[in-house]
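Here's a friendly walk through this protein, starting with its sheets and ending with its cores. Have the picture open as you read.

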Amino acid sequence: MFAKVKKIIDNGQDFFITTHIDPDGDAIGSVFSLYWALKSLGKNATVYLKDKVPYRYEFLPGPDRISNAIPDKNYDAVFVLDCGDFPRIGDGYEDLKKTKMIVSIDHHNTNDGFGRINVLDADASSTGEILYRLYKYLGVSLSYEMAVNIYTAIVTDTGSFRYENTGSRAFLICEKMVRLGVKPAEVSRMVHGNHPKERFLLLGQVLCTLRTFDEDRVAIAYITEEMFEKTHSTSEYSDGFAELIREVRGTEVAILLRQVNDRRYKISMRSKGTVDVADICCLFGGGGHKNAAGCHIDGTLEEVQTKLMEAMKR
Ligand code: 5GP
Ligand code: MN
């Protein structure tokens, strides 16, 4: 598949790069690293993000301008990174279909193969890892700008080398990135030690809702719109809460329900070990990985919880 991607890059000049809504470190790091790689090959690259860069990742070097409207233009290829299905790019994604060459590079095992070309590897720790291999294949020499983006992609998607997707390849690549000048403590400070205090006020409220079921095997907490208002927070501030709830002893599945409106919740599921939460989220039209997945469910808090519990029993 790398050969096909190389041909597209060699033969084209104008490229478009994007990722999923609510972008995480792998999404942003992947998009920015590809931007620098294409620039270094003398190509034009437009980066499009539906949502703004989360505050944690504002330190990452990227393009001077990130477009938040899809330009009415044909590109030689559209790169969709770390995104399991096309609509997850966000509203307006259909306009991108004008460009026939859609290249999906991703590591979600629920990826539905929406690209014309699909570079998929569910065994990769992150999309950043797949891209690192692509850059080697393309013969791109890695700059610091690329290195810090790749490093951040891998570190965030492996939960700082704590999750099941952490293997020797993740360490090997990160070791190389450190040799290229990346400072792990600096990245950690920006990503994990630079939160607005409102995040902690919100966390306090969310933790008060924590309940466990099935002898602590399932842990559930929720966030209401009212909590966001009261603590002057946005959904960006709740990133990572689901992982925290998974830390409860004995918990195999952690669920965070975030209210989107009166009758809709965003679900974040996390698991330890063999429980496959992507399977459960797929039942509701979502997706993700075995140990981290998400979806949206319509209903009141009680209805959504009931739907989830029933799905899990199955
Ligand atoms: P989170 O719960 O942090 O939003 O997402 C956890 C994982 O599941 C991430 O890998 C994310 O990309 C994926 N994910 C979350 N929501 C959805 C969804 O609605 N559809 C798909 N396909 N993947 C999702
Ligand atoms: Mn990822």
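Two strands are said to pair if DSSP finds at least two bridges between them. The helices (H or I, at least four residues) and strands (E, at least two) are DSSP runs, numbered from the N terminus. With that in hand, take strand β3 (residues 77-81) and strand β4 (residues 102-106): they pair in the parallel sense over 4 bridges. Within this pair, V78 sits opposite I102 in β4.

Before going further, a word on where this comes from. This is a predicted model, in which local features need pLDDT of at least 70 and side-chain atom pairs count only at pLDDT 80 or more, while totals for chains, interfaces and linings use all residues. Residues are numbered from 1 along each chain as its sequence is written, chains are lettered from A and ligands numbered from 1 in the order in which they are written, and side-chain values use heavy atoms, with hydrogens and water left out.

**The two sheets**

The protein has 11 helices and 11 strands. β3 and β4 belong to an open sheet of 5 strands, with parallel pairing and the order β2-β1-β3-β4-β5. At its edges stand β2 (44-48) and β5 (117-120), each with a single partner strand, so one side of each has no neighbour in the sheet. From one strand to the next, the twist averages 20 degrees.

There's also an open sheet of 6 strands, with mixed pairing and the order β6-β7-β8-β9-β11-β10. Here β6 (211-213) and β10 (287-288) are the edge strands; each has a single partner strand, so one side of each is left without a neighbour in the sheet. β6 pairs with strand β7 (residues 218-223) in the antiparallel sense over 3 bridges, and F213 has V218 in β7 as its bridge partner.

**Helices lying across the strands**

Contact means heavy atoms within 4.5 Å. For the angles, axes are lines fitted to C-alpha atoms, for helices over the stretch in contact, and angles run from 0 to 180 degrees between N-to-C directions.

| Helix | Lies across | Angle |
|---|---|---|
| α1 (residues 2-11) | β1 (14-18), β3, β4 and β5 | about 130 degrees to β5 |
| α3 (residues 127-138) | β3, β4 and β5 | about 115 degrees to β4 |
| α11 (residues 301-313) | β6, β7, β8 (253-261), β9 (264-271) and β11 (292-298) | about 145 degrees to β8 |

**Inside the protein**

Buried means under 20% relative accessible area, exposed over 50% and partly exposed in between (1.4 Å probe, protein chains only). Of the 314 residues, 51% count as buried. A nonpolar core is a set of buried Ala, Val, Leu, Ile, Met, Phe, Trp, Tyr and Cys residues joined through side-chain atoms within 4.5 Å. The largest one has 50 residues, and I17, F79, V103, I105, Y135 and M177 have the most contacts inside it. Leaving out residues up to four places away in sequence, F79 touches a group including V5, I9, L34, L38, V103 and I105. A second, separate core has 20 residues, among them I220, V253, L257 and V277.

Neighbours within four places in sequence aside, S126 is in contact with D26, H107, A153, I154 and D157.

**Overall size**

Along the principal axes, the C-alpha atoms fill a box of roughly 55 × 40 × 35 Å. Among contacts with a separation of 6 or more, 65% come from residues 24 or more positions apart.
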